[in-house]
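Hi,

Here is the two-chain model I promised to pass on.

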Amino acid sequence: MYDTLIQMLDATVRVSAPLILAALAGLFSERAGIVDISLEGKILGSAFAAAAASAVFGSAWIGLVFGIIASVALALIHGFACITHRGDHIVSGVAINTIVAGMTVTLGLHWFHLGGQTPALSGDQRFLAITLPFAHAMQDVPVIGQIYSNLISGHNILVYLAFIMVPVTYWIVYKTRFGLRLRAVGENPHAVDTAGISVTWLRYRAVMVCGVLCGVAGAYLSTAHNAGFLKNMSAGQGYMALAALIFGKWRPVPVMFACLLFGFLNAVAVRLQGVIIPGLGEVPVQAIESLPYVLTILLLAGFIGKAVGPKAVGRPYVKERA
Amino acid sequence: MKGVFLASVTALAMSATLAHAATDKPAVVYDQAGKYDKSFNEGVYNGVLKYEKDTGQKIREFEPKNEAQVEQGLRRLAQRGYSPIIAVGYSMSAATEKVAKDFPNIHFSIIDSVIKLPNVQSIVFKEQEGSFLVGALAAMKSKTNTVGFIGAIDVPLIRKFSCGYKQGVKYIAPKDKVIVNFVGSTGAAFSNPTQGSELAKSQFSQGADVIFAAAGGTGIGVYQAAADAGKYAIGVDSDQNYLHPGVMLTSMVKRVDQAAYNVYKSAAAGGWKPGVVTLGLADNGVTWALDKYNQKLITPEMKAKMKAIRKDIIDGKIKVHDYSVDNSCNM
């Protein structure tokens, strides 16, 4: 029983890592007033770029760099449409998602002739699990030993990076000058502008940070958690991250817990399949699959109270009206 | 006189085109995975290549890049008089049915789906028989008396695989446990290696040491998880043993290459017929893969046993239940 719980928590950590990265990416963007539904597209684009570069150059790190470049480029397109041209954020986001879904497969077909996939990655082309010091020695210590050696140790470096990013994001958003301005520009851009700070440049920086984090999330999917790119492999994780962002009320630590909850529900869903619950019979896979979404609606509707986003989110900033 | 002459020339020309249409212009439309998918479509492509090599005749190929192009592609080929046209995969059945109705003189062959039209040939496979074989092999290899199955979607086609697999396992070891999981309920379940690897890890932790994945691209995640955990996996559709030598116990192969080859061959000989063609073990339509990548995993006794089971199924001594007949897997 205890072993099963540890295994489920272990799966939770693996599954929530990309969600945390993407949700934090969304946090930077939305706190600055840019709605980002294109998290999904950026993850997918980065997953492809990372896997392709890793396959060609033989290094997961080079893959990561290319993943981040691809994701930042997409973020800048989003920024160009929404900030410079004051376009609708949702329309631009959906456009990016659609373009990436098609482009990754088309480029993949052209480059690798594998039906839109990249070659399978192995060895240095992937981020492999790291065994923390003393993990084997600690194995036999009751309770703590299991937690340390199985749950905390044995993940790849991007998982640790995802969890480190939570306090880092907290510090940036709440304790630095950039963070203060970031929050201000999402609440009241006019005030920021009056103070002589460029709203445009601030928002561009926010979407670039968003791009970097999404890039890491995408590289995690294709070069760490899996071994290669497959079409549409992001499978809605960007949208899950967006839900977690709203769920966590745009604050880093609650957002992390929301992601962990989604990850845990996924781990439970995987275990629960085919299990016969007394009185109910076998739980159908569709019911389990929809659990995270149903729970989000239920919790949002009844338990966590109103989720109020940044005031100026989704509204293009116009300096003055003639 | 002139009129009669013209008319007869036109008639001649027309009959010539018709004759051409029926035999000389073969074509194929792959599904969106493309002809290099290492699996289902690539199987058909290999059949196409073989036919081109054997006869020197060129086969017109079309690879749709999205859903909408499937019907456009079929329609354009039909308009230009290509026949027979092979439609690869059950996802094309709606488009094929529509186009086939509009072009009653063109012959269509669809793989993995049944369309009841006078100009459509439906080629289906007895997946349950091949799955029975790999199930038996999985039970022979398993040391934990627990094996796993991971399917993409909970639909009758995939249930055919899981039901046959279960029967094969129980034939060898009636007390063995079979863990059955499905990835999801939409088309995305065929390309979600992340979920595939999570499901595989879960099954391994529940004691499974051999997993059969009938889930398209999702299988890649399952095989990777098996390689990382030092367990065994079984591939599907085409021979995937080479993906992870030493990890892939075998593959349940559907000989779509042969099916495609035979369509063109029979059409060239004028023997193309509409209706349902069912390919099983007896026709070598389905089989288990044994090659240099997995031969170290298979002992001579296992090989002999597999041969015996195969023979018994063909002779009818072992009856493999087909899930799609009554939508249940009661054995």
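**Helix pairs in chain A**

The crossing of α3(A) and α4(A) is right-handed (left-handed would have the near helix turned anticlockwise from the far one by less than a right angle, right-handed has it turned clockwise). Before going on: this is a predicted model, with pLDDT of at least 70 needed for local features and 80 or more for side-chain atom pairs, while totals for chains, interfaces and linings use all residues. Residues are numbered from 1 along each chain as its sequence is written, and chains are lettered from A and ligands numbered from 1 in the order in which they are written.

Back to that pair: α3(A) covers residues 60-84 and α4(A) residues 89-112, and their axes come within 9 Å and cross at roughly 150 degrees. Axes here are lines fitted to C-alpha atoms, for helices over the stretch in contact, with angles from 0 to 180 degrees between N-to-C directions. The two helices are therefore roughly antiparallel (angles over 145 degrees; under 35 is roughly parallel, 65 to 115 roughly perpendicular, and the rest oblique). On the α3(A) side the contact uses A:L74, A:I77, A:H78, A:A81 and A:C82, and on the α4(A) side A:H89, A:S92, A:G93, A:I96 and A:V100. Contact means that the C-beta atoms of two residues, placed from the backbone, lie within 7 Å. By class that gives 6 nonpolar, 4 polar and no charged residues, where Ala, Val, Leu, Ile, Met, Phe, Trp, Tyr, Cys and Pro count as nonpolar, Asp, Glu, Lys and Arg as charged, and the others, Gly among them, as polar.

Next pair: α1(A) and α7(A) pack at an angle of about 25 degrees with their axes 9 Å apart, which makes them roughly parallel. Their crossing is left-handed. From α1(A), A:V13, A:R14, A:A17, A:I20, A:L21, A:L24, A:L27 and A:R31 meet A:L158, A:V159, A:A162, A:M165, A:V166, A:T169 and A:V173 of α7(A). The class count for this contact is 12 nonpolar, 1 polar and 2 charged.

Both of these helices turn up again around α8(A). The buried residues of α8(A) (177-187) are A:L182, A:A184, A:V185 and A:G186, and they pack against α1 (2-31), α7 (157-175), α9 (189-194) and α10 (199-225) of chain A. A residue is buried if 20 or more other C-beta atoms lie within 10 Å of its own, exposed if 12 or fewer, and partly exposed in between, with C-beta atoms placed from the backbone.

**The chains overall**

Chain A has 14 helices and 2 strands, whereas chain B has 11 helices and 12 strands. Helices (H or I, at least four residues) and strands (E, at least two) are DSSP runs numbered from the N terminus.

- Chain A spans about 70 × 50 × 40 Å along the principal axes of its C-alpha trace, and 48% of its 322 residues count as buried.
- For chain B the spans are about 85 × 40 × 40 Å, with 53% of its 331 residues buried.
- Of the contacts in chain A between residues at least 6 apart in sequence, 76% join residues at least 24 apart; in chain B that share is 68%.

**Where the chains meet**

How many residues does each chain put into the contact? Chain B gives 30 and chain A gives 27. On the chain B side, β7 (177-184), α7 (193-205) and α8 (218-229) are the elements that supply two or more residues, and α7(B) has the largest share with 8. The chain B side divides into 10 nonpolar, 14 polar and 6 charged residues.

B:S83 and B:P84 are joined by a cis peptide bond, with omega about 0 degrees. B:P84 sits in the loop between α3 (67-79) and β3 (85-88) of chain B.

Which loop holds A:W250? The one between α11 (237-247) and α12 (252-272) of chain A. A:W250 is not a glycine, yet has a positive phi of about 60 degrees, and its 22 C-beta neighbours inside 10 Å make it buried. B:N145 also has a positive phi of about 60 degrees without being a glycine; this residue lies in the loop between α5 (127-141) and β6 (146-153) of chain B. With 14 C-beta neighbours inside 10 Å, B:N145 counts as partly exposed.

Cheers
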